[in-house]
Amino acid sequence: MRLAVVGSGPAAFYTVIRALQKVPSLNVTIFEKGFAPFGLVRTGVAPDHPEVKSCQERFTQLIDDNPKQINYLGNVEIGKDISLKQLSDQYNAVLIATGAQGNRQLGIENNTAGKPLRGVVPARNFVNWYNGVHDGALFDPSLLNARKATIIGNGNVALDIVRVLLSPLQRWKDIEFCDLGSSVYDGISKSKIEHIDVVGRRGLFQSAFTNKEFRELLNLVPMLPVDPKSELDVEPITRIDKKKIKLINGISTGLFDNELLKSNKKSFQFKFHRVPVKFHGDERVTAVEYTYNGKRVVEETDLVFTSIGYMGTSAEGYDSVGAQFDVKTGTLLRNPETGIVEGTANIFASGWAATGSSGAIAATMRDAFVEGDLIADYLQKHNDTTAIEDNEKQQESPINDNINTQDAVSTLEQGNKRIITWNDWKKLDHEEIRRGEIVGKSREKFETKEQALEYLK
Amino acid sequence: MSILTKTGLRVAYNLRPRMNTYISAARVHSNLHDLTMFRHASLSGAKMFHSYSMLQHGHVHKPKPGEELTVTYISPDGSQQKVEAAAGDNLMDIAQANGVEMEGACGGSCACSTCHVIVDPAYFDLLDEPTDEENDMLDLAFGLTETSRLACQMKMSKKIDGIRVALPAMTRNLQARDFK
């Protein structure tokens, strides 16, 4: 039995872990578009949260321990190098675990001339940059010459951005196993940003940030009083909201009393009930216009991050396999009973590609485990598909002698495409760790695919 | 039947019967002297799938003779596994060393909620108070109860000898479109 997996983030790995527990003889091929695995664990989790990245070790161990069963192929893009249709035809089942590749749009990002304003940046571009993903240069660190920045949206990504930009620089030396890139540290240390507004369309109790991130931030960056103050008069009901209020009240009662915080002259502030309607500025953004309390207000800013959520995009090949994709939520529609993507025969999906971009790793793991169970059920029911079994016996893989190849993969291997195998990745991984050791960090990442491929030459 | 067992059974309805639960625990780190794991490994047959990384998680000690403490883990399907443990080890490491299906995505550093368990109320008050950090992570736990804790934050001690904890079922949040 063969399972093809598109993507190599936590959704992919946790689904595979579960499917393998249920079908121990399963052969798995993981296709990763980038040069490195682990999805948002590597490119989304902030560099000062190394403990959240611990799961990478578990994922690495899974492949290291099961080399005969799991084949990892990096730098392979489904829809370009291999079609989804080919995977669907040649594997017993296909898992799409590609996450949410796009950004939810405010719809007001452009200026009156219809051009994007300089200084209005999707949060994702900045998150990629501080995580060392510099392919395509989507964030220009010279924008950090701004004095004041505004983040539209108040989830954990917004709090990550505040923490990265406004924490005392000492933080990056204090964190053990930090993997903040040297060039990124350079950019952050030159930042002129003194204050960040974190703006929400609704109120404090509708904001999506978690108390863990909030508590951490309050220990690092001074917070100005919530605007409007009346927001604190709302009675908290849930456990989470009660704690939010307790944390805010803790600012004046000395709950966050530490030297690092006292020495920090920068600040952030929550602003609620503001609906952004327009950005001001000709070439570069100068202000955001909101509706607030039924009125129009204009608040000046030098830099805007739009952080209103990642969103899945319809991928190349969804149509060819009949996959139903909900444009409104940016998610693949799954049959709740079977886990199969609606409209397809054997395609499954897990993680943000199916659920949308909310929830931390625990939520993704839960979704992945359920999908892994359902894949196992499907495979056990359909293990009499002799055509595929025959195909399996045909030839040996040039990539990994222990795994029989599929036509699509062997065709790819014979072409010019430089596949980054698991062994290649291990070389890159070791080199990143070696470079990190020199500068006292857990790793110094390759910043572009070109750099990675150059090293592998 | 204890409240806890009922909880386990109630949440089990949407889980399929679990097979090969113990196959996954076959990787044995050299400093781990757990004979039961060897037994499981030999039972599991030719196709071995290694799920647990003992290098990462297997920091458990062998209890000294006469000082063995016990923990009972209750699976979502209601099945129970009573294991011996040494004082000082945490309930996540103990679970993983004994092949109990418990994930610890952050490696036991209180940075995720994947090792969420429901503690038998009879033992809950014997535990030390959770820290603010643990409470923050419990905010994110699925199916939070009055006696929820993170296994990685509970250290085994004589005081809680015999403790019983239930693993919550892995279920999917129902989405609005599921009702269409």
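Me: Where is A:Glu213 placed?
Reply: In this predicted model, A:Glu213 sits in helix 9 of chain A, residues 211-218.

Me: Buried or exposed?
Reply: A:Glu213 has 10% relative accessibility, so it counts as buried, the cut-off being under 20%.

Me: And what does A:Glu213 touch?
Reply: Leaving out residues up to four places away in sequence, A:Glu213 touches A:His49, A:Asn156, A:Leu159, A:Asp160 and A:Arg163.

Me: Which residues does UniProt list under "binding site"?
Reply: The unreviewed UniProt entry gives A:Asn154, A:Gly155, A:Asn156, A:Val157, A:Arg201, A:Arg202, A:Glu213 and A:Gly359.

Me: Where does A:Asn154 lie?
Reply: A:Asn154 is in the loop between strand 7 (148-152) and helix 6 (156-166) of chain A. A:Asn154 counts as buried, at 10% relative accessibility. Its contacts, again not counting residues up to four places away in sequence, include A:Val198, A:Ser207, A:Phe270 and A:Phe272.

Me: Changing topic: how many cavities of 30 Å³ or more are there?
Reply: Three, in a search of the whole structure.

Me: Which element supplies the largest share?
Reply: Helix 13 of chain A, with four residues.

Me: What is the extent of helix 13 of chain A?
Reply: Helix 13 covers residues 361-381 and reaches 30 Å from its first C-alpha to its last, close to the 30 Å expected. Of its 21 residues, 18 are buried, so helix 13 is largely enclosed by the rest of the structure.

Note on methods
Residues numbered from 1 in each chain as written. Chains lettered and ligands numbered in written order. Predicted model: local features only at pLDDT ≥ 70, side-chain atom pairs only at ≥ 80, totals over all residues. Heavy atoms only, no water. Helix = DSSP H or I, 4+ residues; strand = E, 2+ residues; numbered from the N terminus. Expected span 1.5 Å × (residues − 1). Buried < 20%, exposed > 50% of the residue type's maximum accessible area, 1.4 Å probe, protein only. 1 Å grid on protein atoms, 1.4 Å probe; cavity = no way out; pocket = protein on both sides within 12 Å on 5 of 7 lines; lining within 4 Å. Points joined across faces, edges and corners; volume = space filled by probe spheres on them. UniProt positions renumbered as here; feature names shortened; annotations may be inferred. Contact = heavy atoms within 4.5 Å.
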